[in-house]
Each structure stands twice: as structure tokens, then as C-alpha cells.
Amino acid sequence: MDISRRQMLGASAALYLSHLTQDVYAEDAAQSASAHAVPGNRPTEEFKVAAVQAEAVYLDLKGGVDKTIRLIREAASAGAKLVAFPELWLPGYPFGHESEQWKRAYLKKYVANSLQIGSAEWRLLLEAAAREKIFVSLGYSELEGDHLFMGQALIGADGRPIQIRRKLRPSGGERTVWSDGDPSGLKVYETEIGRVGSLSCWEHMHPQMTYILQSQMEHIHLGAWPILPEVDGVSWAGPAVNLAAARYYATITGAVTIVPCGVVGDEAYSRFQEIPASKWVPKGGGHARIYGGNGAEIGNAIPHESEGLVMATVDPRTFSPKTEDSDGEFSFGVLQFIVENYPGPRVPDKEHGNKNLVAISSF
């Protein structure tokens, strides 16, 4: 019998923090339940999920949408109820984006090929999910007005959006191109296949994002990464660091964690070689994974330079019936304990107190 870390720690946490426990997530849980949810009607039989490992159609939104639809069909034909795509799958993750050379050479085209919610391309993606009767998690560069955002959407098997979120704080040099999202994206949604939450890439490294999501008792976590190149001296971008974060997330949360990941193929590689800031990126870098709620890898393996679907079988009978962590390690009591015992100066944080907005017209 598998026992999750959450189950082991829950009892001791409840005893230690029982005097602090407050039921503060009931309202949030009610608000986050999507229109797709039918309470008490979750599946009781095992079902399959899929993580995409493939090369994006770089700088080509139409081509990328066509490939997305093909992969949605492929996942559904293989029996998956959910398929997840990498971060910035549309129109591809642009290594070198922080450099002036990339911005001069490619920013205009990248903006033109970013996805607009409500556009014809967006409608084609909704129609594909409905036609194949499959949940779709999609990563994309979103264009709205004069700003780009790092978008992540969950589309229901009926083709209706369940969540449209934006990466709260783009990482590092990403902040020179994409604007910040907002905390409304830190929600877990009740669906016909369980409680589903989403984060992108290095959002998994920030406790102000992970704690809020983990407190909502996910069953399935969608953790999208763009590409994970394995290069000496760039460990922060590689599979060892990032897959460790995903596996840790699965273990501590008890959620099946699906990690789609892109691949650098010939086309993207040739583009990356044109820009000094991206010459270090090798071919390959595909490290899609699926982890069970106990942290064990449960999906099939694909070579890092190859395209395909990593698939795994999920048993919903292992899902927790709770919708909030009222007495465990993600409870309000734990958060209050941290606040009361924080050892540093209690001063405003300029970095996290300001929203970064990048006006595309300023370039």
C-alpha cells in the first residue's frame, strides 16, 4: 500500500497546530469550482493522461495550431482523457529573448504569432477539444493590446474553457518580454476528472505560488516546462533541477503531476544559432514526465531528442475527498505559524509589490 507524505504528516500537523486551525478556504473552494463540475460525479475507474513531448512550430501560430490539433487527436485516440502541452508551446519558447539581437530579429514576428483569446485560432483549439472529448492544458504566448503574457489554459472536454491564467511572475529575462499575470490564476478547479491546478516552469520554485495552490487539495497538477536543455554550467535550466521540483511538488502535494516539455529540433536549433545569447542551446531537451502522488515516475520514457506522448494511468480512487487543507501542512495554521515566527524585518518588498508590465510598443 502506498502512503503519501501528506497522509503521514497530516496527523502530526493537526495535533501540533490544532489551536491555529481555521476553515478559511471554504469560500475559495466554492468560487474555484468550475461550471464543468458535477459534485460527487468524479470517475471511479482508472483513466489515462498524456504529456506532450514535441518540437513547437517556431514562430508560426497557424502551423502550431495545426500541430496542436493533431496531437490532441493522437492523445484522444490513445485513450487519454487529458493531454498537456509545454509552456509557450505556441509559438515556441524563444531562447535568447533577453538579448537586443533577438528582439531586433524576432520580436515583431513573435508578437504577430502570439495567441489572442477569442481569435479564430483559439476557437479551433476549443473545437478540437470538444470534437475529441478530451481535456486540454495549453501553454502559449498571449497577446492582449500592447502586452504579451505567458498564458496557460485548461479547456474542458466539451470545448469550454475552465481556466485561462497567466504566469504570475515570468522568470529572469522573460520579464523583458512578457508582463506579469495576477493571483487570480492560483486556483484549483473541480472537474469531472478531479481537482485540477496549473503552474508554469519556475512558478514551482516560489512558495508564494505553490503554497496557495497546494492548500486547495489538487488531484491532478499540470506543471508545464518549455524545454530542458542539459548543458554544463546551466543547471538551473536543465532536467535535474526542474524535474526535481516537479517530483517534489507531486510528493508533498499528493497530486498526480503531469510535466509536458518541448524539444529543440532542426528548425529551432538553426534559429537559436543565429543569436549569440542562444547558441548554447543544444538539440533535444525533451524531458516530459508524469509523477504519481507518491513521487514515483509512472509514465513511459521517451528519448530526449524524440517526439511523442508520455502516458500514464490514473486511479481516481486515491484522490482525497477534501477541498481544503484545514489541518495539514498547507493549512492556514501553518501559514500563520510562519508569519508569527518570521525572523526577518517586516518591511514592504518592492520586487513583489510592483506589477511588471512590458509595453511591446516601447521596443
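Contact is defined here as heavy atoms within 4.5 Å. The model is predicted: local features need pLDDT of at least 70, side-chain atom pairs count only at pLDDT 80 or more, and totals for chains, interfaces and linings use all residues. Residues are numbered from 1 along each chain as its sequence is written, and side-chain values use heavy atoms, with hydrogens and water left out.

Leaving aside neighbours within four places in sequence, Ala277 is in contact with Gly96, Glu98 and Ser99. Ala277 lies in the loop between H8 and S12. Helices (H or I, at least four residues) and strands (E, at least two) are DSSP runs, numbered from the N terminus. The C-alpha atoms of Ala277 and Glu98 are separated by 8.0 Å, with the two residues 179 apart along the chain. Ala277 has 23% relative accessibility and therefore counts as partly exposed. The classes are buried (under 20% relative accessible area), exposed (over 50%) and partly exposed (in between), with a 1.4 Å probe and protein chains only.

Helix H4 covers residues 100–112. Its 13 residues reach 18 Å from first C-alpha to last, close to the 18 Å expected at 1.5 Å a residue. That expected span is 1.5 Å times one less than the number of residues. H4 bends by about 60° at Tyr106. The bend is the angle between axes fitted to the seven residues ending at a residue and the seven starting there. Trp102, Lys103, Tyr106, Leu107, Tyr110 and Val111 are the buried residues of H4. They pack against strands S3 (135–144), S4 (147–155) and S6 (178–179), and against helix H8 (266–272).

Five strands form an open sheet in the order S7-S8-S9-S10-S12, with mixed pairing. Two strands pair if DSSP finds at least two bridges between them. S7 (189–191) and S12 (289–291) stand at the edges with a single partner strand each, so one side of each is left without a neighbour in the sheet. The twist averages 25° from one strand to the next. Angles run from 0 to 180 degrees between N-to-C directions, and axes are lines fitted to C-alpha atoms, for helices over the stretch in contact.

S7 and S8 (residues 194–200) are antiparallel, over three bridges. A hairpin of two residues joins them. Glu190 has Arg195 as its bridge partner in S8, and Thr191 stands opposite Gly194. In S8, seven of seven residues are buried. S8 and S9 run parallel, joined by five bridges. Gly197 is partnered by His221 in S9.
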